[in-house]
Amino acid sequence: MRLSLICFTGAGAQLGARLLKELKFSGHECRGFVMEKFLNPFHEANGLEPLKTPLREWTGEQFTARDGLIFIGAAGIAVRAIAPWVKDKRTDPAVVVIDDCGRYSISLLSGHLGGANGLAEETAKITGGIPVITTATDLHGRFAVDNFAKEQGLWMSDMKTAKAVSADVLAGEPVGLFSDFPVMGSLPEGFTQKESCRRNVWITVKRDPEEGGFLKLFLPEGGEVLRLVPRIVILGIGCKKGTGKEQIEAAVGEALSRWNIEPESAAAVATIDIKKEEAGLLSYVRDHGLSFHTYPAGRLLQAEGEFSPSTFVREITGVDNVCERAAVSLAEDLGGGRLMMKKQAGGGVTVAAAVRDWKVKL
């Protein structure tokens, strides 16, 4: 995690220097700050920096730039510092408060999605203190869907429904759990796969339940579905030279919508190597946070499966199909998968999609 810690007392600075060293040793990218009046040569030698801006301003900067904040001092100071910046549990960083004796590490904000619960436990091990976790599902030993999503790297479709699912689990109300992928492990307490319930968790790369599926057939009136989406879809893209990012974006969006594929499931783009410097494609990949992979024609020809051939594409690139073969080639390199969307063409862009082999681990 990218962490920032701040100390408000001399004793806190001593503890902060120790935490800074240990957190860096554990692999975190960490910076430490101390109120300027408490800074001394020992603190500087151990990596602590003086706080040169007002605390409110510093906190606002850290909220957008870091994954987690550690306040060493009184909880009230931390609460007042973060209050103007708290927005949404999906985007707020983890916030942990530690007293300057190191007796307690309190998970204050973004316990599950932000990782504050884990950070409180980690810092408590360093200080020899007690982690203070107040999340209800943790206290009662129940399955927390938001924590599960974070651990598995799943995108959640609706935070309101996620909260309702956790409330049902705590209240003893059954929750349906359905998956389009193989499930490994035991079903969590409170979940069922035998019926569709008032609230249901669906692990899928689809946008909506499809006709003939269990959810579509048996979902009760008013029933809610929380989709957990793994990022395991590979987009194969081909385009004419000079195609702009907007054209690629529109073509991909239309194709995924037509095939009922959730855009958040996309993890990567694959194409032929002669497109490795295509400006519009590179811009699309960068703006959507996708990894980018290119293959020579010879490798694409080795992809296994039935593909939509094009004589024109073969004459230009040396291979009869770029988008389908590229998507499947990357899936093969990542451990296997299958073509789930065949070539869709429009606006000088061709799009296909493959889904990687993947299992749900409960």
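Tutor: Buried means under 20% relative accessible area, and exposed means over 50%. Keep that in mind for what follows, and note that this is a predicted model.

Student: Is Gln 344 buried or exposed?

Tutor: Gln 344 has a relative accessibility of 14%, so the residue counts as buried. Its place is in strand β17.

Student: What does the side chain of Gln 344 make a polar contact with?

Tutor: The side chain of Arg 258 is one partner, at 2.5 Å. A polar atom of the Gln 344 side chain also lies 3.1 Å from the backbone oxygen of Lys 342. Leaving aside residues up to four places away in sequence, Gln 344 touches Ala 255, Arg 258, Trp 259, Val 349, Thr 350 and Val 351.

Student: Ala 255 brings us to a helix. How should I read the buried residues of α10?

Tutor: Start with the general idea. An α-helix has 3.6 residues a turn, so residues three or four places apart point the same way. In this structure, Lys 245, Ile 248, Ala 251, Val 252, Ala 255 and Leu 256 are the buried residues of α10. Viewed down the axis of α10, they fall within an arc of 135°, so they line one face of the helix.

Student: How many residues does α10 have, and how far does the helix reach?

Tutor: Helix α10 covers residues 245–258, which is 14 residues. From first C-alpha to last, α10 reaches 20 Å, close to the 20 Å expected at 1.5 Å a residue. After the helix comes Asn 260, with a positive phi near 60°.

Student: Which residues of α11 are buried?

Tutor: Gly 280, Leu 281, Ser 283, Tyr 284 and Val 285 are the buried residues of α11. They pack against α10 and β14, as well as β15 (266–272) and β16 (291–295). α11 is followed by Gly 289, whose phi is positive, near 65°.

Student: Now a sheet. What order do the strands of the open sheet have?

Tutor: In general, strands of a sheet pair through backbone hydrogen bonds, either parallel or antiparallel. Here an open sheet of five strands runs β8-β13-β12-β9-β11, and the pairing is mixed. At the edges stand β8 (154–156) and β11 (191–192), each with a single partner strand, so one side of each is left without a neighbour in the sheet.

Student: In which sense do β9 and β12 pair?

Tutor: Strand β9 (residues 175–179) and strand β12 (residues 199–203) pair in the parallel sense, over four bridges. In one of these strands, β12, Asn 200 is the bridge partner of Gly 176.

Student: How many disulfides does a search of the whole structure find?

Tutor: A disulfide is a covalent bond between the sulfur atoms of two cysteines. The search finds zero disulfides here. For Cys 30, the closest cysteine sulfur is in Cys 7, 9.9 Å away, which is too far for a bond. Cys 101 is in no disulfide either, since its nearest cysteine sulfur, that of Cys 7, is 13 Å away.

Student: Is Cys 30 buried or exposed, and what about Cys 101?

Tutor: Cys 30 counts as buried, at 6% relative accessibility. Cys 101 is exposed, with a relative accessible area of 51%.

Student: One loop to finish. Where does Ser 308 lie?

Tutor: Ser 308 lies in the loop between α12 (297–301) and α13 (311–317). Apart from residues up to four places away in sequence, Ser 308 touches Asp 320, Asn 321, Glu 324, Lys 342 and Lys 343.

Conventions. Residues are numbered from 1 along each chain as its sequence is written. This is a predicted model: local features need pLDDT of at least 70, side-chain atom pairs count only at pLDDT 80 or more; totals for chains, interfaces and linings use all residues. Side-chain values use heavy atoms; hydrogens and water are left out. A disulfide is a pair of cysteine sulfur atoms within 2.5 Å. Buried means under 20% relative accessible area, exposed over 50%, partly exposed in between (1.4 Å probe, protein chains only). Helices (H or I, at least four residues) and strands (E, at least two) are DSSP runs, numbered from the N terminus. The expected span of a helix is 1.5 Å times one less than its number of residues. The arc is that of the directions from the helix axis to the C-beta atoms. A polar contact is a pair of N or O atoms within 3.5 Å; within protein, one must be able to donate a hydrogen and the other to accept it, and residues adjacent in sequence count only if both atoms are side-chain atoms. Contact means heavy atoms within 4.5 Å. Two strands pair if DSSP finds at least two bridges between them.
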